[in-house]
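Try each task before reading its solution.

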Amino acid sequence: MARPSSPLVTVICPTYNRSDAIVPTLASVRNQSVTDWELLVISDGCTDDTEDWVRAAASEDGRIRLVRAARYGHPSGPRNEGLAQARGEYIAYIDHDDVWRENHLDVVLSLFEEGGEIVATGFRCRNRQGEVTSSSDAFGLCWHPELQLLGPIFEPSRVAHCNGLAERVGGWRAGYGLEDWDLWLRLADAGAIFTTAQDRTAELFDDPGTRRFATPLRHRMPVAAFDDPRRAHTVLTELRDERHEAAFRAAAKADTRAWIARLRTTDQFTMPRGWDGDLDAAIAKAAAKAPPPWPDLVLVPDSGHYLVAQRLWCSTAEHAERITELTRRTQCEQFALLEAIVRKSAGTAAAPAGSGAW
């Protein structure tokens with residue numbers, strides 16, 4: 001098939017040493033019901049036979065093109081290379097270990113036709129055995145800049161945007177992980193609004209060996225400060241005690257209800273297309289499935305004091321500061337409960353930690 005001179009969609013797929021395991025990913029793009037696309041497979045300095053498998057697919061389908069890049073060691077560089085060569089009106093991403101259902105681009109384009117400039121679809125996660133480990137729900141596809149700030153929502157294989165949008169905010173940035181969250185957050189800061197659909201069109205690879213699971217937790221949100229390390233350790237142990245879990249879950253549910261109620265009054269809040277479900281019931285369901293509260297509390301020395309702090313899953317100190325500020329502002333019930341437990345456990349030796357993060 002001859003490659004169209006100006007495809008409607010450019011699909012960008014960064015890859016490194018995937019070998020023949022990349023074939024299902026390529027096939028899932030070729031099997032799309034929408035046919036007006038080009039697929040740029042960006043080799044991040046592959047040293048195995050991955051490029052041979054891509055060339056073989058390209059020889060059968062002229063819409064596929066191999067782009068060889070120097071070794072970046074990070075998917076952001078290859079994605080930027082793809083953006084520089086993209087000819088499509090819209091940009092879609094697919095990671096080399098994910099696949100699309102055949103209607104993915106059809107759903108994506110329908111969201112653009114409805115006025116979206118950056119869009120996301122639903123997903124299923126599968127492990128190495130092909131078993132479904134998780135899947136999206138409607139509540140998880142609600143969007144607001146504050147939701148984007150607090151959570152790494154929307155993996156690249158679920159997202160598409162108008163050509164040129166990413167470059168307006170500096171494109172993809174390298175780091176030690178969460179580069180997708182970083183880009184979506186910068187786009188949100190620039191005024192972009194996600195439009196979403198419930199359709200589970202992306203099948204994501206779920207495995208502890210992927211980069212997402214290896215992202216180090218380098219930043220922390222202080223919870224309480226102590227002069228005595230023993231008292232700090234006593235409070236840490238108390239906060240981890242499972243007998244507080246039910247109270248924290250109830251507080252989290254109350255906080256989330258109040259937060260979402262406020263977000264719904266703004267023009268930026270979006271719900272997935274066609275969903276008119278009960279948000280209150282969805283919040284209750286999400287709270288029941290959530291992991292135990294304060295899962296990553298640690299004790300760290302800091303300038304002669306000892307801090308109980310929550311480790312944060314974000315990539316920059318500036319982002320950590322913003323998470324800390326918004327968390328303290330929106331999780332009032334949870335922090336009130338936490339501070340009561342701290343006072344009871346440590347007496348007058350504890351003081352609330354400052355609002356900063358590091």
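**Exercise 1.** Find which residues of α9 meet which residues of α10 in this predicted model, then describe how the two helices pack.

*Solution.* Start with α9, residues 245-263: its contact residues are R249, K253, T256, R257 and I260. On the side of α10, residues 279-289, their partners are L279, D280, I283, A284, A287 and A288. Next, sort the contact by class: six residues are nonpolar, one is polar and four are charged. Now turn to the geometry. The helices pack at an angle of about 145°, and their axes lie 10 Å apart. Finally, the crossing of α9 past α10 is right-handed.

**Exercise 2.** Locate H144 and decide: is this residue buried or exposed? Then list its contacts beyond four places in sequence.

*Solution.* First, look in the loop that links β7 (132-135) to α5 (145-150), where H144 sits. Its relative accessible area is 4%; buried means under 20%, so H144 is buried. Then list what H144 touches, leaving out residues up to four places away in sequence: L263, T266, Q268 and F269. One of these, T266, has a side chain joined to that of H144 by a polar contact of 3.2 Å. Last, a polar atom of the H144 side chain lies 3.0 Å from the backbone nitrogen of E146.

**Exercise 3.** How far apart are G175 and P75 in sequence and in space?

*Solution.* Begin in the loop between α6 (165-168) and α7 (179-189), which holds G175. With a relative accessible area of 44%, G175 is partly exposed. Along the sequence, G175 and P75 are 100 residues apart, yet their C-alpha atoms are 9.8 Å apart in space.

Terms used: Residues numbered from 1 in each chain as written. Predicted model: local features only at pLDDT ≥ 70, side-chain atom pairs only at ≥ 80, totals over all residues. Heavy atoms only, no water. Axes fitted to C-alpha atoms, helices over the stretch in contact; angles between N-to-C directions. Helix = DSSP H or I, 4+ residues; strand = E, 2+ residues; numbered from the N terminus. Left-handed = near helix turned anticlockwise from the far one by under 90°. Contact = heavy atoms within 4.5 Å. Nonpolar A, V, L, I, M, F, W, Y, C, P; charged D, E, K, R; others polar. Buried < 20%, exposed > 50% of the residue type's maximum accessible area, 1.4 Å probe, protein only. Polar contact = N/O pair within 3.5 Å; in protein donor to acceptor, adjacent residues only side chain to side chain.
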